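Visitor: I would like to learn how to read a helix and its surroundings in a model. Please take me through one.

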Amino acid sequence: MQQVKAVVAMSKGAPVEVATINVPDPGPGEAVVQVQSCGVCHTDLHYREGGINDEFPFLLGHEAAGVVEAVGEGVTDVAPGDFVILNWRAVCGECRACKRGDLQYCFATHNATQKMTLEDGTELSPALGIGAFAEKTLVAAGQCTKVDPEARPAAVGLLGCGVMAGIGAAINTGGATRGRSVAVIGCGGVGVAAVAGAALAGASPIIAIDIDAKKLEKATELGATHTIDSSSTDVVEAVKEICGGVYEGAEGADIVVEAVGRPETWKQAFYARDLAGTVVLVGVPTPDMKVPDLPLIDVFGRGGSLKSSWYGDCLPSRDFPMLVDLYRQGRLDLDAFVSEEIGIDDVEAAFEKMHHGGVLRSVVVL
Ligand SMILES: NC(=O)c1ccc[n+]([C@@H]2O[C@H](COP(=O)([O-])OP(=O)(O)OC[C@H]3O[C@@H](n4cnc5c(N)ncnc54)[C@H](O)[C@@H]3O)[C@@H](O)[C@H]2O)c1
Ligand SMILES: [Zn+2]
Ligand SMILES: [Zn+2]
């Protein structure tokens, strides 16, 4: 066992604290990772606000890269010294989804068996089974995905959650490709990644939508062909007009990615979608949210599909090395997502900046 510094959310809504935690030595199937970087994702804030569940105290952070320090018995896929991105989809290979070949839907993903604790022995709940706003963390070995060690940790670590979720929402879940239009509502780290994913796939037009003009500038840098400031413009009408200008008669975009996680923006996505199009909900709603007054005839009458996307339907072992390769070639600008590098004491301030300030990702560098 060793003791390290980490960021903990002690109780619902309270500011996060830096505390000393106990990290057990890795047991069978586990690994201890020396964390080098960890991005601040909106889901960490959802945890702090009690929007995910009530299992406080949480050990926050889940968008990380680092170096494997030690592995437990039976671990063969990774070894001490390997540079890895941590993932929250270590597939089991045995559940009904895995058995039928849909590993991206695995219903029994692996996490460490042992618990990290506060100094007094109180068990911590690691965010998404990771907990990487910490100098070191304990994970299941399958949560470590080996990638090119030359890559910058602060940039490629973002593939561990938000950037992968966004790229995958557009490509894997939404099916973005050449000849299809994509609109993205909410251009934080996840939404701008959906824009970048749509651009990688050759989609056009790519419409970025946000209430914050600075986010729209970022989205344009990463491949948006059009932007809509939805604080002052009707989203549904504007998307229809842009898409109709390219594909005659289009009543919206073929794929609309909702990356906010609110009923009103999901409803915009629903109506900004062309006939037979796809809505992808990648934003995470809270349990109290409902979509009011949606006529069932509109669901039927417009055809197509209404999907949600967990982690961009990714398979870390397949997708992380491929996307790191595109990054190394200069075809996927992951550096553009790193708005600032911060210390472990600055996570609370980073939450503040999510609401204003044009930050895509604050990344804790250790
Ligand atoms: N499904 C997944 O696997 C997954 C993974 C990571 C994050 N998420 C979720 O994705 C969402 C976005 O995460 P993020 O880290 O990019 O958050 P973020 O806070 O960085 O970005 C949210 C963006 O939405 C914009 N926004 C807010 N209200 C809006 C509105 N009414 N209309 C248009 N834009 C609006 C904000 O200006 C901001 O740019 C969160 O709900 C997060 O929990 C989901
Ligand atoms: Zn499984
Ligand atoms: Zn996340």
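Visitor: What covers the buried residues of helix 10?

Guide: This is a predicted model, where local features need pLDDT of at least 70, side-chain atom pairs count only at pLDDT 80 or more, and totals for chains, interfaces and linings use all residues. Residues are numbered from 1 along each chain as its sequence is written, and chains are lettered from A and ligands numbered from 1 in the order in which they are written. Helices (H or I, at least four residues) and strands (E, at least two) are DSSP runs, numbered from the N terminus. Contact means C-beta atoms, placed from the backbone, within 7 Å. The cover of helix 10 includes strand 6 (83-86), strand 10 (144-146), helix 3 (153-156) and helix 4.

Visitor: Which residues of helix 10 are buried, and which are exposed on the other side?

Guide: A residue is buried if 20 or more other C-beta atoms, placed from the backbone, lie within 10 Å of its own, exposed if 12 or fewer, and partly exposed in between. In helix 10, Pro316, Asp319, Phe320, Leu323, Val324 and Tyr327 are buried. They lie on the same side of helix 10 because they cover an arc of only 125 degrees around the axis, taken from the directions from the helix axis to the C-beta atoms. Arg318 and Met322, on the other side, are exposed.

Visitor: How many residues does helix 10 have, and what follows it?

Guide: The expected span is 1.5 Å times one less than the number of residues. Helix 10 (residues 316-328) has 13 residues and reaches 17 Å from first C-alpha to last, close to the expected 18 Å. Gly330 follows helix 10, with a positive phi near 85 degrees.

Note on methods:
Two residues are in contact if their C-beta atoms, placed from the backbone, lie within 7 Å.
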